[in-house]
Amino acid sequence: LGLGFAMVFIYSYLNAHINVKRNYSHIDMLTKIMVLTGTFAAFMVISHYIININEVIDRGGLLFMQWRNNCSTILMLSIPFAFMLAHKKPFASVLGFVFYFAILLTGSRGGMVFGSIEIVMCVIMFILYDKRRRVAYVIIGLCVIFGCLVFAPQLTELLGSTIDRLFSAINGFLIGDKTEIRVRHYAQGIQDFLGQPIFGTGLGYMGNRDIHASRKFALCWYHCEPIQIIASFGLVGAVTFTYQFIRRMMLLWRKSSLFNVTVFLSYISLELMSLVNPGILCPVPYLLLIVIFMVVVEKNDEDRENGRLKISKEEKIEVKQR
């Protein structure tokens with residue numbers, strides 16, 4: 001229900017009630033909300049290290065966080081909006097790098113790999129699209145690179161456990177190591193697809209709970225969006241989700257703007273993280289956020305096409321009173 005009918009209802013409701021106004025910017029408000037969300041997530045990570053500073057000193061490495069993947073995903077969704085806010089407040093671009101550093105501190109392997117890809121994409125895209133701040137992005141980017149080179153030994157020691165786990169997982173994929181849970185998930189997903197290639201096994205299928213028992217009322221995750229789609233929905237799902245992805249890309253790139261680029265980067269970062277985690281197949285908060293993003297993009301693109309701002313009923317009444 002959450003992945004299907006609920007999102008259709010939410011989209012229809014938001015699309016009917018969100019109107020572009022002259023005295024209110026949904027883009028600015030959404031940007032601020034996402035930056036505050038990322039700031040709070042980064043605060044969670046940093047405060048966790050401050051509280052457990054003695055353990056950090058003793059171990060000389062990262063702390064274990066059960067919530068590392070979810071926190072990293074939220075931070076990855078927020079990074080592009082920090083750069084978006086920097087269009088008006090240049091200092092905000094620093095927050096984007098703070099969010100990335102917080103991702104590294106979580107110890108999430110997916111966060112480290114895909115967060116690194118994302119931060120590079122953000123710097124490149126905003127250098128291309130935000131001409132006014134181009135020099136500032138280049139300077140900040142060079143300072144970060146210089147800092148990483150200077151403190152390379154310390155960073156390698158700090159992130160050593162995550163790097164070791166990452167290479168262990170890669171090696172597990174290459175040799176088909178059955179002790180690696182995700183390898184077993186992917187193998188099971190392909191087997192389930194081959195058994196039910198047209199419509200898949202269905203979302204209610206619990207045949208892989210012996211590999212990793214999910215929480216009550218949670219889906220039986222394969223921890224990889226493409227595998228989940230073909231295993232749960234078969235070829236019909238593969239065609240449908242591909243069509244949906246193409247339509248989203250058409251919406252985001254039909255009218256090129258700084259906000260559309262921001263949403264694109266945030267959405268793609270979630271899709272990347274979904275290659276190794278449930279990600280966008282979680283109705284709340286991830287899919288819900290993407291639906292909200294797309295509605296705001298759609299409404300603002302419509303307004304740009306019309307070449308005017310829509311006036312709400314309240315504004316019309318106010319004009320009449322004046």
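In the predicted model described here, T262 is in contact (heavy atoms within 4.5 Å) with P80, F81, M84 and F126, its neighbours within four places in sequence being left aside. T262 belongs to helix 12, which covers residues 258–273; helices (H or I, at least four residues) and strands (E, at least two) are DSSP runs, numbered from the N terminus. With a relative accessibility of 0%, T262 counts as buried, where buried means under 20% relative accessible area, exposed over 50%, and partly exposed in between (1.4 Å probe, protein chains only). A polar atom of the T262 side chain lies 2.8 Å from the backbone oxygen of L258.

The model is predicted, so that local features need pLDDT of at least 70 and side-chain atom pairs count only at pLDDT 80 or more, whereas totals for chains, interfaces and linings use all residues. Residues are numbered from 1 along each chain as its sequence is written, and side-chain values use heavy atoms, with hydrogens and water left out.

A82 is located in helix 4, which spans residues 68–85. The relative accessibility of A82 is 0%, and the residue therefore counts as buried. Residues up to four places away in sequence not being counted, A82 touches V35, A92, S93, L95, G96 and F99. Between A82 and E271, which are 189 residues apart along the chain, the C-alpha separation is 19 Å. K89 is placed in the loop between helix 4 and helix 5. Its relative accessibility is 42%, so K89 counts as partly exposed. K89 and R133, 44 residues apart in sequence, have C-alpha atoms 10.0 Å apart in space. Helix 5 comprises residues 92–106 and includes F101. F101 has a relative accessible area of 39% and is therefore partly exposed. From F101 to R304 the distance is 203 residues in sequence and 36 Å in space, C-alpha to C-alpha.

The loop between helix 10 (181–195) and helix 11 (225–254) holds H223, and S214 is placed in the loop between these helices. H223 is not a glycine, yet it has a positive phi of about 60 degrees. H223 counts as buried because its relative accessibility is 13%. S214 is likewise buried, at a relative accessible area of 10%. The side chains of S214 and R209 make a polar contact of 2.9 Å. A polar contact is a pair of N or O atoms within 3.5 Å; within protein, one must be able to donate a hydrogen and the other to accept it, and residues adjacent in sequence count only if both atoms are side-chain atoms. Apart from neighbours within four places in sequence, S214 is in contact with R209, L219, C220 and W221.

Helix 13 runs over residues 283–306 and contains P285. The peptide bond joining V284 and P285 is cis, with omega about 5 degrees. M294 is also placed in helix 13. M294 has 8% relative accessibility and so counts as buried. When residues up to four places away in sequence are not counted, M294 touches R248, L251, L252 and Y267. M294 and Y267 are 27 residues apart along the chain, and their C-alpha atoms are separated by 9.6 Å.

For the protein as a whole, the secondary structure comes to 14 helices and zero strands. The radius of gyration is 22 Å, which agrees with the value near 20 Å that a compact globule of 322 residues would have; the radius is taken over C-alpha atoms, and the globule rule is 2.2 Å times the number of residues to the power 0.38. The C-alpha trace spans about 70 × 55 × 35 Å along its principal axes. Of the 322 residues, 45% count as buried. Contacts between residues at least 6 apart in sequence join residues at least 24 apart in 72% of cases. The protein exposes about 17500 Å², of which carbon and sulfur atoms supply 67%; accessible areas come from the Shrake-Rupley method with a 1.4 Å probe, and for residues only the protein chains shown count as cover.

There are 31 positive and 21 negative side chains, and the centres of the two sets lie 7 Å apart. Lys and Arg count as positive and Asp and Glu as negative, while His and the chain ends are not counted; the place of a charge is taken as NZ of Lys, CZ of Arg, CG of Asp or CD of Glu.
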